[in-house]
Amino acid sequence: MITDGEFSALITEAAETIPEPTAADAILAAARVEIDPPSVASPIAKVRRHPRGFAISALGAAAVLAIVIAVAASSSSSPSRITHRAPDAAPAYGEALQKTARVTAGVTKNVTSSASSTAAAGSQDIITTGTLSLVVHESALGHVVAELQAIATSLGGYVSTSNVALAGSSRGGTVVLGVPAGEFEKAVSEAESLGTLKHLSTTATDVTGQVADLGAQVSALEAARTQLEALFARAGTIQALLSVQNEITSVQSQIQQLQAQQRVLANEISFSSLTVALAMPSATHASAPSRFSKAWHQAVSHVEGGLATLLADSGIVLFSVVLLVVLGLIVLFGGRLLWSFVRRRLV
Amino acid sequence: MVTDTNPGELEELLQQWYTPAYRTAALLLGDAVKVDDAVQEAFLRLWRFRDALPEGDGLRPWIYRVVVNACYSSARTESRHAGRRAPQDALDSVVSSDPTPDEIADQRDRASLVRQAILSLPAGLRAPLVLRYYAGLSEKEIATAIRRRPGTVKSRLHEARRLLAKDPRLAHLGLGLSSSRQEEAK
């Protein structure tokens, strides 16, 4: 007689003597490598003999090829998919150019651009950045920082970085504002009124091509993903299913990376960055001495230097001779003055 | 939507269930080519209808249900194309359902004999037996897996054991029914 448990053990033993199937591992390994892996063990070979498996693998390979061709072909021709453009960046750039004409003595203003004259067309994607150096009185430093923050907020922007020392020997620092591209010029003008402008530099970079490239790549990859999803629904073997799934995962990852780049670029286009460097008058603007004062200080310095040199080079003998001569002259002139005084009294 | 799923979900499914599913199919079908086809087909069905699969304890009978159905499909296809297929001995077989005396002499181990005996059972009895004694499913779970009433499952299990007990290849193993079951059978 045999119990249920013993019978179960008997059947289980019979089942477990069946060799461990390798097909699952082989299928997974093949799918991880590529759609058409090198020849492997027989389970995979059997899978490959399946005509639908062949068809799916071939379609998968064609889809991947289509992605590559589409991305390469569309990089220069497809339209941008970034919806937010910055047409106002061009006027800002133009006004910045006009600002160059208002340069005052001692103030440097640089305007550089890769946008060239096409920026004026107003249909470009422009990234505008600027650097402003201001000299402010130390008592007004805190107020200026608060004002800069107010300027950014009132224009719909924000303070992205603020690193300012309000006390101590190294008072001053940097405040970086992010302002809407259309308000960049206004932000510059309001910020420069908060102190004495020492330096202004603005840069406008045309990224229209970059935006178009990213948009084209995302479009091509999305189209490829759609095709792969259709293939996935028709996959006839596990190997084909896994292969197409891996391709979809890979394409999806590429799409997400490109979309992240698009978001960063769109933000840079929408918001211009204005860096305001703040410094104290004592540190950067010491009062300039007059020419007479300079000459006097030079003369004194030279006399002191000459005496020191004479003393050092002649030694005690020469110094004593000079001292005796000086004393002799004093006695001579003093004696003559005394004799003149006495003679007048006697006469 | 494909992209809404965990990319490793299918891998996990395969790693957890492929071996028991393969061995169940091997006990039900015997032929290596048919087993491969049936298990692949089963996992494709499982993957496509994964959203409809129950979770937790309810998953196991459903996995086996799909495997058993795929085995039945494979067996039906085989019977339709039997005249056009290569002879059985030309294929890679896990076990032969009709071994020669020489093969029996070579395969004296118990496991091999048990497998051969199972394969000699009628198809309708094989599935409950394998699911009960190899997969460890309860009678209720087997009823779900083969879409039969629990009472039917119970009687098929009994019949399967009775036939195995009578199988001369297993006579030396003493597979006779226990006393309580003998009474039930009477």
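Is R169(B) buried, partly exposed or exposed? At 22% relative accessibility, R169(B) counts as partly exposed, where buried means under 20% relative accessible area, exposed over 50%, and partly exposed in between (1.4 Å probe, protein chains only). Its salt-bridge partner is D167(B), with 3.0 Å from N to O; a salt bridge here is a side-chain nitrogen of Lys or Arg within 4 Å of a carboxyl oxygen of Asp or Glu. D167(B) is buried, with a relative accessible area of 8%.

Before going on, some housekeeping. This is a predicted model, so local features need pLDDT of at least 70 and side-chain atom pairs count only at pLDDT 80 or more, while totals for chains, interfaces and linings use all residues. Residues are numbered from 1 along each chain as its sequence is written, chains are lettered from A and ligands numbered from 1 in the order in which they are written, and side-chain values use heavy atoms, with hydrogens and water left out.

Now for chain B as a whole. Chain B has nine helices and zero strands, where helices (H or I, at least four residues) and strands (E, at least two) are DSSP runs numbered from the N terminus. Of its 186 residues, 47% are buried. If you take the contacts (heavy atoms within 4.5 Å) between residues at least 6 apart in sequence, 67% join residues at least 24 apart. Chain B exposes about 9,400 Å², and carbon and sulfur atoms supply 47% of that; the areas come from the Shrake-Rupley method with a 1.4 Å probe, and for residues only the protein chains shown count as cover.

Helix α6 of chain B, residues 123-133, is mostly covered, with eight of its 11 residues buried. Among them are L125(B), P128(B), L129(B), L131(B) and Y133(B). Helix α8 of chain B takes in residues 150-166, and its end C-alpha atoms are 25 Å apart, which agrees with the 24 Å that 17 residues should span at 1.5 Å a residue; the expected span is 1.5 Å times one less than the number of residues. The buried residues of α8(B) include V153(B), L157(B), A160(B), R161(B) and L164(B). An α-helix has 3.6 residues a turn, so residues three or four places apart point the same way.

Another salt bridge in chain B joins R60(B) and E141(B), whose closest N and O atoms are 3.2 Å apart. This pair links distant parts of the chain: R60(B) is in helix α3 (residues 59-80) and E141(B) in helix α7 (residues 139-146), 81 residues apart. R60(B) is partly exposed, with a relative accessible area of 28%.

For the strands, start with β6(A), residues 271-279, which pairs with β2(A) in the parallel sense over seven bridges; two strands pair if DSSP finds at least two bridges between them. V135(A), in strand β2 (residues 126-135), stands opposite A279(A) in β6(A). V135(A) counts as buried at 10% relative accessibility. β6(A) also pairs with β4(A), in the antiparallel sense over eight bridges, and there S273(A) is the bridge partner of G178(A).

Chain A has a salt bridge between R171(A) and E138(A), with the closest N and O atoms 2.8 Å apart. R171(A) sits in the loop between β3 and β4, and E138(A) in the loop between β2 and α6, 33 residues apart. Both are partly exposed, R171(A) at 30% relative accessibility and E138(A) with a relative accessible area of 36%.

Finally, the nonpolar cores. A nonpolar core is a set of buried Ala, Val, Leu, Ile, Met, Phe, Trp, Tyr and Cys residues joined through side-chain atoms within 4.5 Å. The largest has 81 residues, of which I11(A), F43(B), V114(B), L129(B) and L131(B) touch the most other members. Its largest share, 12 residues, comes from helix α1 (residues 9-29) of chain B. Leaving out residues up to four places away in sequence, F43(B) touches I238(A), L13(B), L14(B), W17(B), Y18(B) and A21(B). A second, separate core of 24 residues includes L177(A), A191(A), L274(A) and V276(A).
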